[in-house]
Amino acid sequence: MLHIRSLGHLSALALCCIASACAAQQTQRTDPTDHAHPFNTPAAVAKSATAKQLEAWREQTRHALFIPDQMPALAPHDFGSFTPMPGVVAHRITYGTQYGMRIPAIVYAPAHAKGKLPAVVVVAGHGGDKTTWYEVYAGLLYASAGAVVVTYDPIGEDERNADHLSDARAHDTRLAGQDSPARMGGLMIGDVMQAVSYAASRADVDPKRIAVLGYSMGSFHAALAAGLDPRIRALVLSGGGDLDGNGGSWDSSTKIMCQGGPYRALSFLPDKGAILYALHQRSGETLVLNGSEDALVATPHHFEGFFADLSTRVAALAGPGTPPIEYRFYKGIGHRPSWVNLDAATWLNDRLKFPLWHNVALASLGETHIAEWAAATGAHINATYDAEIREGGIRAVGHGFPAPSREQLQAVPVAEWQAHRDAYIWQSWARQTLITEGLPPNVPEPAAVKEAPKK
């Protein structure tokens with residue numbers, strides 16, 4: 001059934017016409033438990049979608065997630081910089097997003113690279129933020145390669161948390177209102193797009209060389225953002241990327257506000273996983289890096305057979321010449337952000353042409369065992385994720401990187417943050433959402449804190 005209430009100004013007649021055309025293409029699988037065809041994903045269509053139809057799907061998706069056609073002005077503010085390591089400068093930045101709010105970010109950039117540079121946006125998983133080890137490491141790694149790297153706090157974490165807590169997961173707090181989950185998803189996906197907009201607005205960035213890296217929850221938000229924003233040319237997802245069909249694992253996510261609810265809001269799409277990727281693959285490329293022991297990826301249904309089938313459906317929708325979704329599974333590996341490893345760095349370098357890695361054999365840069373590095377430097381790994389099978393076991397490209405302190409990684413001076421507190425915190429978003437939903441602005445207590453920030 002179409003969610004006409006969520007599709008903004010598009011007329012019901014136009015939507016019905018599009019739905020009829022799509023339904024004629026859709027063939028349901030007879031056995032959704034089949035490992036090769038899981039979760040009721042449709043068969044490949046017989047005829048490619050037209051450019052007009054693809055754009056209609058993109059517009060419908062934006063409206064279903066309450067992402068405005070015209071995003072708010074960035075109005076970036078620079079609160080100064082520091083040098084975390086030789087050759088890399090870290091800038092303390094804020095810029096605007098939806099609901100009149102602002103996003104605190106640490107933006108890493110090479111100190112001496114010349115000309116137009118590629119850019120990388122890092123999207124955190126549950127409990128992650130710009131102080132989490134993988135955001136810091138990716139910032140230092142790819143800035144040392146010659147890229148501008150944007151790391152930012154998701155709503156409810158660090159400087160977007162009322163108590164400056166990390167791993168707080170305030171965005172998981174259930175909020176009343178029929179469309180509140182779609183609005184939360186739309187905010188977090190819109191935040192990815194605003195990070196891309198910030199990167200593209202910089203005079204030193206080549207807007208045709210922008211990549212997004214997403215992990216876990218961030219893989220979900222990054223994949224949807226890439227479907228909505230053709231400026232994203234390269235997409236690397238880890239601990240996810242397995243967008244399935246109605247009633248599948250993402251629809252069934254217990255994280256209703258930031259995953260399950262937003263994905264269900266897109267159930268009007270006849271093959272939502274393939275459509276979202278088709279929108280991206282027409283202008284970009286995708287690499288998915290998952291572990292064979294990752295309990296947060298729907299095993300055993302979402303392994304190689306799933307991605308092969310997904311690529312077939314994407315190509316059928318998007319037309320000849322569409323690049324396939326590239327995917328790799330690491331045996332014996334669990335949930336982790338593999339986009340700092342040699343496979344990811346090589347793939348990104350081939351597409352973004354990092355200027356400081358020109359003619360460099362990346363294997364010669366050495367590697368870092370993340371658990372040992374975090375123990376030596378104090379870099380923050382969320383609780384239990386320092387295990388070898390998870391994030392702690394990653395062998396990342398490069399060696400000798402420092403870990404800036406949490407204090408260094410705060411973008412907004414304390415007095416400034418206190419003066420404009422409502423522009424940052426989850427409670428402000430919740431209050432405005434309840435009012436928009438026509439409900440009393442009785443904001444609940446945020447979800448239970450998982451882990452206090454490490455000093």
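This is a predicted model: local features need pLDDT of at least 70, side-chain atom pairs count only at pLDDT 80 or more; totals for chains, interfaces and linings use all residues.

Modeller: Residues are numbered from 1 along each chain as its sequence is written, and side-chain values use heavy atoms, with hydrogens and water left out.

Biologist: How many helices and strands are there in the protein?

Modeller: The protein has 12 helices and 11 strands. These are DSSP runs numbered from the N terminus: helices are H or I, at least four residues, and strands are E, at least two. Of its 455 residues, 60% count as buried, meaning under 20% relative accessible area with a 1.4 Å probe, protein chains only.

Biologist: How do I find empty space?

Modeller: Rolling a probe the size of a water molecule over the atoms shows where empty space is left. On a 1 Å grid over the protein atoms alone, a cavity is a set of points where a 1.4 Å probe fits but cannot get out; a pocket is an open set with protein on both sides within 12 Å along at least five of seven lines. Lining residues have an atom within 4 Å of a point. A volume is the space filled by probe spheres set on the points.

Biologist: Which residues lie nearest the centre of the largest pocket?

Modeller: They are His-126, Ser-216, Lys-255, Gln-259 and Leu-296, from a lining of 24 residues. The largest pocket holds about 460 Å³. Its lining has 9 nonpolar, 11 polar and 4 charged residues.

Biologist: Which elements give two or more residues to the lining of the second largest cavity?

Modeller: That cavity holds about 50 Å³. Helix H4 (180-201) and helix H5 (217-228) each give two or more residues. H4 gives the largest share, 3 residues. Tyr-152 and Met-217 are among the lining residues.

Biologist: Is H5 enclosed or open?

Modeller: H5 is largely enclosed by the rest of the structure, because 12 of its 12 residues are buried. Phe-220 and Leu-224 are among them.

Biologist: What about nonpolar cores?

Modeller: In soluble globular proteins, nonpolar side chains tend to be buried together. A nonpolar core is a set of buried Ala, Val, Leu, Ile, Met, Phe, Trp, Tyr and Cys residues joined through side-chain atoms within 4.5 Å. The largest has 64 residues, and Tyr-152 and Leu-243 are among those with the most contacts inside it. Apart from it lies another core, of 51 residues, including Val-122 and Ala-234.

Technical notes
Ala, Val, Leu, Ile, Met, Phe, Trp, Tyr, Cys and Pro count as nonpolar, Asp, Glu, Lys and Arg as charged, and the others, Gly among them, as polar. Buried means under 20% relative accessible area, exposed over 50%, partly exposed in between (1.4 Å probe, protein chains only).
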